[in-house]
Amino acid sequence: MTILCVRFQLPPTSEADLPHLLGMLEEFTPVVQALPPGGALADLRGAERYFGRDAVELASVIRVRSLALHGVDCVIGAGPGPMLARMALDDAAPGTTRTVPGEPDAIAEFLADKPVAALPGVGTATARTLGDYGLDTLGRVAAAPLSTLQRLIGAKAGRELREKANGIDRGRVVPNAVSRSLAAERPFGRDELDPDRHRRALLSAAEELGARLRALEKVCRTLTLTVRYADRSATTRSRTLTEPTAHSPALTRTAYGLYEALGLQRARVRAIALRAEGLDPADQASHQLTFDPVDEKVRRIEEVADRARAKFGPRAVMPGGLGGAAA
């Protein structure tokens with residue numbers, strides 16, 4: 001086991017602490033990939049040789065340092081590759097490390113009974129299609145003929161799915177910069193079926209991202225939506241914006257478009273998260289001017305609302321659609 005997937009138990013408002021925690025991980029290995037708002041992948045192949053300890057022992061040290069230096073507990077998954085480490089993390093109890101041994105038989109046993117949707121990158125539509133043909137677990141997918149999978153979900157997707165179901169993990173840890181993105185997550189108190197509440201959560205998250213971007217004098221080029229479901233699976237979709245922006249209505253429209261494209265029907269949603277990616281300085285971004293007086297008025301109102309929030313707090317001014325809502 002050479003890859004760790006770490007989820008730090010950060011409060012929703014403490015994403016700014018993540019760079020310090022990533023710095024702590026980089027004391028063990030320079031190959032660290034941020035998974036905001038509170039996670040990271042770490043490739044410990046070199047660290048195991050240098051420290052003379054395996055990944056599980058290093059995970060224990062990481063947890064102790066996280067608690068001692070930052071007061072933050074964490075959950076850790078360990079496996080021979082990023083995919084298996086992520087899946088191990090989903091099985092880990094708070095304050096523990098869940099491991100997937102590197103032996104092929106152990107990997108097959110770990111994957112066999114898991115639902116198809118537990119595999120990173122498999123959405124609800126794909127899982128539903130496979131389930132209609134009795135391929136509802138990774139063990140059954142692994143045993144299915146490649147031609148069957150390709151006929152159901154396509155040539156490339158079928159080949160990749162069969163490889164992953166057989167424990168072939170071709171992913172790698174790619175070091176990145178957490179400062180290039182901002183996230184806002186809206187968990188629900190219980191699994192939520194109501195699309196109206198989903199949309200209010202999206203509106204709330206988009207408003208927060210817009211306000212934070214403007215406060216930092218940044219714009220984003222891409223918006224990513226992650227929907228987490230009751231079965232612990234998730235769907236992630238991204239869309240490049242027409243122009244880099246920090247304008248809340250533009251972010252909200254894009255978020256609604258991403259959500260509607262999922263075509264969710266009676267989905268039991270546990271949390272919704274939006275991420276603004278590809279951040280650039282606002283003074284270097286261009287804005288297409290329009291002759292629409294409504295757009296200009298909305299932007300002026302946004303500036304006034306930002307000043308009010310800066311003086312009286314983030315909830316001083318909210319969209320009417322959030323009036324009386326918990327989101």
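1. Thr226 touches Ala234, Thr235, Thr236, Ala271, Ile272 and Ala273, leaving out residues up to four places away in sequence. Contact here means heavy atoms within 4.5 Å. Before going on, some bookkeeping: the model is predicted, so local features need pLDDT of at least 70 and side-chain atom pairs count only at pLDDT 80 or more, while totals for chains, interfaces and linings use all residues. Residues are numbered from 1 along each chain as its sequence is written, and side-chain values use heavy atoms, with hydrogens and water left out.

2. Back to Thr226, which sits in strand β7 (residues 218–229). Helices (H or I, at least four residues) and strands (E, at least two) are DSSP runs, numbered from the N terminus. Thr226 counts as buried because its relative accessibility is 13%; the cut-offs are under 20% relative accessible area for buried, over 50% for exposed and partly exposed in between, with a 1.4 Å probe and protein chains only. Its side chain also makes a polar contact of 3.2 Å with the side chain of Thr236. For that term, a pair of N or O atoms must lie within 3.5 Å; within protein, one must be able to donate a hydrogen and the other to accept it, and residues adjacent in sequence count only if both atoms are side-chain atoms.

3. Now the big picture. The protein's secondary structure comes to twelve helices and ten strands. Of its 327 residues, 42% are buried. Take the contacts between residues at least 6 apart in sequence: 66% of them join residues at least 24 apart. The protein exposes about 17200 Å², with carbon and sulfur atoms supplying 51% of it; accessible areas come from the Shrake-Rupley method with a 1.4 Å probe, and for residues only the protein chains shown count as cover.

4. Helix α10 (residues 195–215) deserves a look. Its 21 residues reach 30 Å from first C-alpha to last, close to the 30 Å expected at 1.5 Å a residue; the expected span is 1.5 Å times one less than the number of residues. Just after the helix, Glu217 takes a positive phi of about 55 degrees. The buried residues of α10 include His198, Ser204, Glu207 and Arg214.

5. Which residues have the most contacts inside the largest nonpolar core? They are Leu202, Leu209, Leu213, Leu225, Leu251 and Leu274, in a core of 30 residues. At least two residues each come from β6 (181–192), α10, β7, α11 (248–262) and β9 (269–277). Helix α10 gives the most to this core, with seven residues. Apart from this core lies another, of 24 residues, among them Leu4, Val32, Leu58 and Ile76. By definition, such a core is a set of buried Ala, Val, Leu, Ile, Met, Phe, Trp, Tyr and Cys residues joined through side-chain atoms within 4.5 Å.

6. Setting aside neighbours within four places in sequence, Leu225 is in contact with Leu202, Thr235, Thr236, Arg237, Ala255, Leu258, Tyr259, Leu262, Ile272, Ala273 and Leu274.

7. On charges, a salt bridge is a side-chain nitrogen of Lys or Arg within 4 Å of a carboxyl oxygen of Asp or Glu, and the count comes to 15. Glu208 pairs with Arg186, the closest N and O atoms being 2.7 Å apart. Glu208 is in helix α10 and Arg186 in strand β6, so this pair ties together parts that are 22 residues apart in sequence. Arg186 counts as buried at 14% relative accessibility, whereas Glu208, at 27%, counts as partly exposed.

8. Glu208 also has a salt bridge to Arg212 (3.0 Å, N to O). These two are separated by about one helical turn, because they are four residues apart in helix α10. Shared partners join Arg186, Glu208 and Arg212 into one network.

9. Elsewhere, a salt bridge of 2.9 Å (N to O) links the side chains of Glu163 and Arg170. Glu163 is partly exposed, at 21% relative accessible area, and Arg170 is exposed, at 63%.

10. Last stop: Arg162 in helix α9 (residues 155–165). Its C-alpha lies 8.5 Å from that of Ala143, a residue 19 places away in sequence. Beyond four places in sequence, Arg162 touches Val141, Ala142, Ala144, Pro145, Leu146 and Leu149. Arg162 counts as partly exposed, at 29% relative accessibility.
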